[in-house]
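Here is a briefing on one protein chain. Look over the sequence and the structure first, then read the points below.

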Amino acid sequence: MAGVMKLACMVLACMIVAGPITANALMSCGTVNGNLAGCIAYLTRGAPLTQGCCNGVTNLKNMASTTPDRQQACRCLQSAAKAVGPGLNTARAAGLPSACKVNIPYKISASTNCNTVR
């Protein structure tokens, strides 16, 4: 468990420092990752879904109110997924919005073209 938390903190720190921020987007990868930090155990270890995780998903959806923000959030999610690597349960990641009863306008997947997210 400590190893996963260290990895999560490392990913969060990397996203804050090195995450790409587009000129029109206000959303940072640190914001995206911070909101989803409560979901790491659910997405990597199969832990039960928590209200804290769903609150973060809801906050993120509400914050990503413009197309550039949604595109940036998509890119950040993809970068974080790559950083976590094979420990990520991609099916749980793709189903996270639905599990939290949050509707987002794109599929959470490594194959999503973030440039087409509206």
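Cysteine 114 is buried, with a relative accessible area of 5%. Buried here means under 20% relative accessible area, exposed means over 50%, and partly exposed lies in between (1.4 Å probe, protein chains only). This is a predicted model: local features need pLDDT of at least 70, side-chain atom pairs count only at pLDDT 80 or more, and totals for chains, interfaces and linings use all residues. Residues are numbered from 1 along each chain as its sequence is written, and side-chain values use heavy atoms, with hydrogens and water left out.

**The chain as a whole**

- The chain has 6 helices and 0 strands. Helices (H or I, at least four residues) and strands (E, at least two) are DSSP runs, numbered from the N terminus.
- Along the sequence the pattern reads α-α-α-α-α-α.
- Of the 118 residues in the chain, 38% are buried.
- Take the contacts between residues at least 6 apart in sequence: 74% of them join residues at least 24 apart. Contact means heavy atoms within 4.5 Å.

**Disulfides: the overall pattern**

- How many disulfides does a search of the whole structure find? The search finds 4. A disulfide is a pair of cysteine sulfur atoms within 2.5 Å.
- Counting bonded cysteines along the chain, the pattern is 1-6, 2-3, 4-7, 5-8.

- Cysteine 74 lies in helix 5 and cysteine 114 in the segment after helix 6, so their bond ties together parts that are 40 residues apart in sequence.
- Cysteine 74 is buried, at a relative accessible area of 3%.

**Cysteine 29 and cysteine 76**

- The torsion about the S-S bond of cysteine 29 and cysteine 76 is -85 degrees, and the link is left-handed.
- This pair links distant parts of the chain: cysteine 29 sits in helix 2 and cysteine 76 in helix 5, 47 residues apart.
- Cysteine 29 has a relative accessible area of 1%, so it counts as buried. Cysteine 76 is buried too, at 0% relative accessibility.

**Cysteine 39 and cysteine 53**

- Cysteine 39 bonds to cysteine 53, with the sulfur atoms 2.0 Å apart.
- The S-S torsion of cysteine 39 and cysteine 53 is about 100 degrees, so this disulfide is right-handed.
- Cysteine 39 and cysteine 53 are both buried.

**Cysteine 54 and cysteine 100**

- Cysteine 54 is joined to cysteine 100 by a disulfide (S to S 2.1 Å).
- The torsion about their S-S bond is about -75 degrees, so the disulfide of cysteine 54 and cysteine 100 is left-handed.
- Cysteine 54 belongs to helix 4 and cysteine 100 to the segment after helix 6, so the pair ties together parts 46 residues apart in sequence.
- Cysteine 54 and cysteine 100 are buried.

- Helix 2 (residues 29-36) is mostly covered, with 6 of its 8 residues buried. Those buried residues are Cys29, Gly30, Val32, Asn33, Asn35 and Leu36.
- The largest nonpolar core holds 26 residues. Val32, Leu36, Cys39, Leu43, Val57, Leu96 and Tyr106 have the most contacts inside it.
- Helix 2, helix 3 (40-44), helix 4 (51-63), helix 5 (67-84) and helix 6 each give two or more residues to this core.
- A nonpolar core is a set of buried Ala, Val, Leu, Ile, Met, Phe, Trp, Tyr and Cys residues joined through side-chain atoms within 4.5 Å.
- Beyond its neighbours within four places in sequence, valine 57 contacts Asn35, Leu36, Cys39, Leu96, Pro97, Cys100 and Val102.

**Threonine 112**

- Threonine 112 is found in the segment after helix 6 (90-99).
- Is threonine 112 buried or exposed? Threonine 112 has 16% relative accessibility, so it counts as buried.
- Leaving aside neighbours within four places in sequence, threonine 112 is in contact with Cys74, Gln78, Tyr106, Lys107 and Val117.
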